[in-house]
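Dear colleague,

Please find below the structure that I am handing over to you. The findings follow it, arranged by region.

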Amino acid sequence: MATVELTFSALPAHVRTARLVATAIARRTGVEESLLDEVRLAVGEACSRAVEAHRAHCPGEPIRIELRDDSGRFEVTVSDQAPSDEIKQEQPLDLGMLSDSFMSGFGIAVIEGLADDVEVFPTPKGTNIRMSWPAAART
């Protein structure tokens, strides 16, 4: 399993770089060409949400992205350090149970529509959004 980690400051200009890196790694991992736009858009939405949260709560802290090739899946986790008042637990949420303000204000619904599998982990110390898509090993 290969892992790439990327951190960037909470500036909107860095979201484009994160999208480009994620798309390039998805392509190398074997994600189908027809899914690469979904990867790019979902990663961009998750990173934009994290930038917005950081600029409001902790502008000096970096945003972290982890990209992994794991058992036939391309997985991206975007982690912010902005506190979440939504739910104080460290386990995946049922996305249908999130409040309308959390869903609409942060684009989680958009991400859910773009990624094959989505898990959201809000905690008092930040939010992790894990997204994945099917990938085939390149030969």
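**Overall architecture**

The chain contains four helices and five strands; helices (H or I, at least four residues) and strands (E, at least two) are DSSP runs, numbered from the N terminus. Along the sequence these elements follow the pattern β-α-α-β-β-α-α-β-β.

Please note that this is a predicted model, in which local features need pLDDT of at least 70 and side-chain atom pairs count only at pLDDT 80 or more, while totals for chains, interfaces and linings use all residues. Residues are numbered from 1 along each chain as its sequence is written, and side-chain values use heavy atoms, with hydrogens and water left out.

Of the 139 residues in the chain, 43% are buried. Here buried means under 20% relative accessible area, exposed means over 50%, and partly exposed lies in between (1.4 Å probe, protein chains only). The chain exposes about 7,300 Å², and carbon and sulfur atoms supply 49% of that area; accessible areas come from the Shrake-Rupley method with a 1.4 Å probe, and for residues only the protein chains shown count as cover. Among contacts between residues at least 6 apart in sequence, 67% join residues at least 24 apart, where contact means heavy atoms within 4.5 Å.

The five strands form an open sheet in the order 1-2-3-5-4, with antiparallel pairing; two strands pair if DSSP finds at least two bridges between them. Strand 1 (3-8) and strand 4 stand at the edges with a single partner strand each, so one side of each has no neighbour in the sheet. On average, neighbouring strands of this sheet are turned by 15° against each other, direction ignored. For this and other angles, axes are lines fitted to C-alpha atoms, for helices over the stretch in contact, and angles run from 0 to 180 degrees between N-to-C directions.

Strand 2 (residues 63-70) pairs with strand 3 in the antiparallel sense over seven bridges, and Asp70 stands opposite Arg73 in strand 3. Strand 3 is in turn joined to strand 5 by seven bridges, also antiparallel; here Val76 has Met131 of strand 5 as its bridge partner.

Strand 4 (residues 117-123) is largely enclosed by the rest of the structure, because five of its seven residues are buried. Seven bridges join strand 4 to strand 5 (residues 126-134), and the two run antiparallel. A hairpin of two residues connects strand 4 to strand 5.

Helix 1 (residues 13-29) has 17 residues and reaches 25 Å from its first C-alpha to its last, close to the 24 Å expected at 1.5 Å a residue; the expected span is 1.5 Å times one less than the number of residues. Its buried residues are Val15, Ala18, Ala22, Thr23, Ile25, Ala26 and Thr29. The elements covering these buried residues include strand 1, helix 2, strand 2 and strand 3. Just after helix 1, Gly30 takes a positive phi of about 105°.

Helix 2 (residues 36-57) lies across strand 1, strand 2, strand 3 and strand 5, and runs at about 175° to strand 5.

**Individual residues**

Glu75 is placed in strand 3 (residues 73-79). Its relative accessibility is 14%, so Glu75 counts as buried. Leaving aside neighbours within four places in sequence, Glu75 is in contact with Glu66, Leu67, Arg68, Arg130, Met131 and Ser132.

Thr127 lies in strand 5 and counts as buried because its relative accessibility is 3%. Thr127 and Val78 are 49 residues apart in sequence, yet 8.1 Å apart in space, C-alpha to C-alpha. With neighbours within four places in sequence left aside, the contacts of Thr127 are Arg49, Val78, Ser79, Asp80, Ala82, Ser84, Val120, Phe121 and Pro122.

**Cysteines**

A disulfide is taken as a pair of cysteine sulfur atoms within 2.5 Å, and by this rule the count comes to zero disulfides. Cys47 is buried, with a relative accessible area of 0%. Cys58 also counts as buried, at 12% relative accessibility.

Yours sincerely
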